[in-house]
Amino acid sequence: MERRDLDIINNGALNWRGYQNETILITGATGRIGRYILEALADADLKYNLNMRIIGLARNEEKAKQVFGDLIKLPNISFLYQDINKEINYEGDITYIFHTAGPAAPMDFKNSPTGTLWSHVNGTHNVMECARLHNTRRVFYVSTVEVYGDWQREETIDENDMGIMHHLNYRASYPEAKRLCETMLTTYKQEYGISFCGVRLCHTLGPGILLDDGRAFAEFINCALQGKDIILHSDGSAMRTYTYVADAVNAIFLVMDKGEDILYNVAANENLISVRDLAEMIAGFTNGNCKVMFSKEAAKLPYLPFQLAIMDTCKIRDLGWTPKVNLSQMFRWTMESYGL
């Protein structure tokens, strides 16, 4: 991770001393969010001499070595290499869990909708059982704006609202699983007293994102990097918000520290832009090597089939969160990570 991104996280209103002498488990540790959480904790541990025990859970040992490099050799960092669908076995207490594991790319929903569904449901069940058995003080869950379904009104959506969800659709495997996992958090609190909190993220990106996972903005970046024209299969009027990954992780730590047992909307609404204008902005980074074109043919990628809600973020901002990175910066930094 760039020092720039660590500084964005560390400069938030965070209480790192709350992790002193504690054991923290991060699932999905090699993923976009999990990686930033683990590296931020490791950086704070070294900076403030916190004596943490940081455990990353990941499926692939080789990928973990590639992602973390020498960081993986630190004595306070260890890894559990396993599928999240399997029981989590660890000797000793685990004070905090950051649960980020689970397929989150449209290509996952298209190619393995059943795998998507069960990875979230079984994985979260295994995390909550781990918390129950290991005296965990609090579980953090990363959810999504897609739990709100098809939002058909103009006003922003707050944490208590809900849109229509067309569940008889393979792509619903992701948002419906996320909804069930959120319910699972509340059931474990009710029955076992396990504190939880979490965030519902909108489009979140930064260096190292996958460029072939079926998300429109990733496809736009991929086209720009290859010098290919960006093809829009709509008029591009749909509005989206985009949040830089370091800003999102700053919000995650803030909620874990100060948040109630609820899920908070997290989106940099300052970075609201239409799909068409975003495509034009990304194409503009290429000095004319990429143009935006329109096609009436159906899209080949499994783009979101409904209008996303623009989230009301008053609750997270009341905790002290303010995103630092604007649209131009986040997309330029992401593209620079691929050598543009």
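Which residue of S2 is the bridge partner of Thr-23? In this predicted model, the partner is Arg-53. That bridge belongs to the pairing of strand S1 (residues 23–27) with strand S2 (residues 53–58), which run in the parallel sense over five bridges.

- Seven strands form an open sheet in the order S3-S2-S1-S4-S5-S6-S10, and their pairing is parallel.
- The edges are held by strand S3 (77–81) and strand S10 (263–266); each has a single partner strand, so one side of each is left without a neighbour in the sheet.
- On average, neighbouring strands of this sheet are turned by 20° against each other, direction ignored.

**Helices across the sheet**

- Helix H2 (32–48) lies across S1, S2 and S3, and also across strand S4 (96–99), strand S5 (138–144) and strand S6 (195–201).
- The direction of H2 is at about 160° to S1.
- Helix H6 (residues 173–192) lies across S5, S6 and S10.
- Relative to S5, H6 runs at about 160°.

**The contact of H7 with H9**

- Helix H7 (residues 216–226) and helix H9 (residues 275–284) have axes that come within 9 Å and cross at roughly 25°.
- Angles under 35 degrees count as roughly parallel, and H7 is therefore roughly parallel to H9.
- The two helices, H7 and H9, cross in the right-handed sense.
- H7 contributes Phe-217, Phe-220, Ile-221 and Ala-224 to the contact, while H9 contributes Val-275, Leu-278, Ala-279 and Ile-282.
- Sorted by class, the contact of H7 with H9 contains eight nonpolar residues, no polar residues and no charged residues.
- An α-helix has 3.6 residues a turn, so residues three or four places apart point the same way.

- In helix H1 (residues 3–10), the buried residues are Asp-5, Leu-6, Ile-8, Ile-9 and Asn-10.

**Asparagine residues in loops**

- Asn-76 is found in the loop between helix H3 (61–68) and S3.
- With a relative accessible area of 17%, Asn-76 is buried, since the limit for that class is under 20%.
- Leaving aside residues up to four places away in sequence, Asn-76 touches Asp-45, Met-52, Arg-53 and Ile-54; of these, Arg-53 is also the bridge partner of Thr-23.
- Asn-76 and Asn-51 are 25 residues apart along the chain, and their C-alpha atoms are separated by 7.5 Å.
- Asn-21 is placed in the loop between H1 and S1, and its phi is near 65°, a positive value in a residue other than glycine.
- Asn-21 counts as partly exposed, at 42% relative accessibility.
- Asn-49 lies in the loop between H2 and S2, and its phi, near 55°, is likewise a positive value in a residue other than glycine.
- Asn-49 is exposed, with a relative accessible area of 64%.

Notes: Residues are numbered from 1 along each chain as its sequence is written. This is a predicted model: local features need pLDDT of at least 70, side-chain atom pairs count only at pLDDT 80 or more; totals for chains, interfaces and linings use all residues. Side-chain values use heavy atoms; hydrogens and water are left out. Axes are lines fitted to C-alpha atoms, for helices over the stretch in contact, and angles run from 0 to 180 degrees between N-to-C directions. Helices (H or I, at least four residues) and strands (E, at least two) are DSSP runs, numbered from the N terminus. Angles under 35 degrees count as roughly parallel, over 145 as roughly antiparallel, 65 to 115 as roughly perpendicular and the rest as oblique. A crossing is left-handed if the near helix is turned anticlockwise from the far one by less than a right angle, and right-handed if clockwise. Contact means heavy atoms within 4.5 Å. Ala, Val, Leu, Ile, Met, Phe, Trp, Tyr, Cys and Pro count as nonpolar, Asp, Glu, Lys and Arg as charged, and the others, Gly among them, as polar. Buried means under 20% relative accessible area, exposed over 50%, partly exposed in between (1.4 Å probe, protein chains only). Two strands pair if DSSP finds at least two bridges between them.
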